[in-house]
Amino acid sequence: MHRTYSLRNSRAPTAAQIQNPPPPPSSTKSRFFGKGGIAYSFRKNTAGAFGPELSRKLSQLVKIEKNVLRSMEIVANERRDAATQLSVWGLENDDDVSDITDKLGVLIYEVSELDDQFIDRYDQYRLTLKSIRDIEGSVQPSRERKAKLTDKIAYLKYKDPQSPKIEILEQELVRAEAESLVAEAQLSNITRSKLRAAFNYQFDSIIEHSEKIALIAGYGKALLELLDDSPVTPGETRPAYDGYEASKQIIIDAESALNEWTLDSAQVKPTLSFKHEEDIVYDDYEDDEDHVLDDDEEEHHHEDENNWVEDEEEIEEEQQEDEPQVSHEEANSVTA
């Protein structure tokens, strides 16, 4: 995680980082222009300087997410060029290196295609946030009108308590408060529904993108198994490469796996350390030795026992009535 429990705390190292320490920061990271450069900072700051005050913070978030999308577009285009250049470089090498680099270029190019799809889905999340921003902007005038009427009434009560305008303004304030109450309730409801929908768009797209990239990485490692990296002595000839069909089949299998993937078949599922109340299954009273009956439960329990005893007595009486009646004479004859 980026931080431990909060963005305000320092990040603790993960188990993977302890086992395999991360490399030093990339030498390509910008040191002069900062994050995203001058254009990034300009767009971010101007988004929060204009428009209704209520929607300025969300306007900044929407603009930052637009910068994120533009950065991802650059990454996708550069990755596409890198895949092409990898294939061009491998062409002049040995047969095995040439074939493997060409197939690896195909997989990396596919990653750039997935980046483009991810950008389209990620933009749905940004547009949903943008709709919340627009609703916030529409609520701002009602707040300002109510505040303005309140100030006017307070000013007139201080300057001219007997002014007839006070009653008129108070009636307008009642109507303004009613309109504001409706607008605030709509904003609260829409904010929650839109926020949930927005991040469902984002997290679903992240799950799809990450799992498909993981599939490509797995098939890429399978391609590397076809590459003979055993050292040879000077003058020794490496065995002829015969993995063309195998490498082609790996690409076909990768394409099939990507086409058949669905969100329902996602392999990574969240493991929660707590359970919701509806997930808790309570055992029967007979199996729970520690269960203590309250007064109502004890009364029902005794009623059930009495009903059970009455039912047993009725069954015994019915059995006695169904048994054949034997007279004394018949009984004596049998005994004799």
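**Figure 1. Salt bridge between Asp116 and Arg80 in the predicted model.** The side chains of Asp116 and Arg80 form a salt bridge with an N to O distance of 2.5 Å (a salt bridge being a side-chain nitrogen of Lys or Arg within 4 Å of a carboxyl oxygen of Asp or Glu). The pair joins distant parts of the chain, with Asp116 in helix 4 and Arg80 in helix 3, 36 residues apart (helices are DSSP runs of H or I, at least four residues, numbered from the N terminus). Asp116 is partly exposed because its relative accessibility is 26%, whereas Arg80, at 14%, counts as buried (buried means under 20% relative accessible area, exposed over 50%, partly exposed in between, with a 1.4 Å probe and protein chains only). Local features require pLDDT of at least 70 and side-chain atom pairs pLDDT 80 or more, while totals for chains, interfaces and linings use all residues. Residues are numbered from 1 along each chain as its sequence is written, and side-chain values use heavy atoms, without hydrogens and water.

**Figure 2. Salt bridge between Arg238 and Asp228.** The closest N and O atoms of this pair are 3.7 Å apart. Both Arg238 and Asp228 lie in the loop between helix 5 and helix 6, ten residues apart. Arg238 is partly exposed at 31% relative accessibility, and Asp228 is partly exposed at 36%. Elsewhere, salt bridges with shared partners connect Arg80, Glu113 and Asp116 in one network.

Figure 3. Glu65 is buried but has no salt bridge, and the nearest side chain of opposite charge, Arg126, is 7.4 Å away (Lys and Arg count as positive, Asp and Glu as negative; His and the chain ends are not counted). The side chain of Glu65 makes a polar contact of 2.6 Å with the side chain of Tyr122 (a pair of N or O atoms within 3.5 Å, one able to donate a hydrogen and the other to accept it within protein; residues adjacent in sequence count only if both atoms are side-chain atoms).

**Figure 4. The largest nonpolar core.** This core has twelve residues, among them Ile100, Leu104, Ile216, Tyr241 and Leu258 (a nonpolar core is a set of buried Ala, Val, Leu, Ile, Met, Phe, Trp, Tyr and Cys residues joined through side-chain atoms within 4.5 Å). Helix 4 (95-159), helix 5 (165-224) and helix 6 (244-260) each supply at least two of its residues; the largest share, five residues, comes from helix 4. A second, separate core of eleven residues includes Leu58, Ile119, Tyr122 and Leu129.
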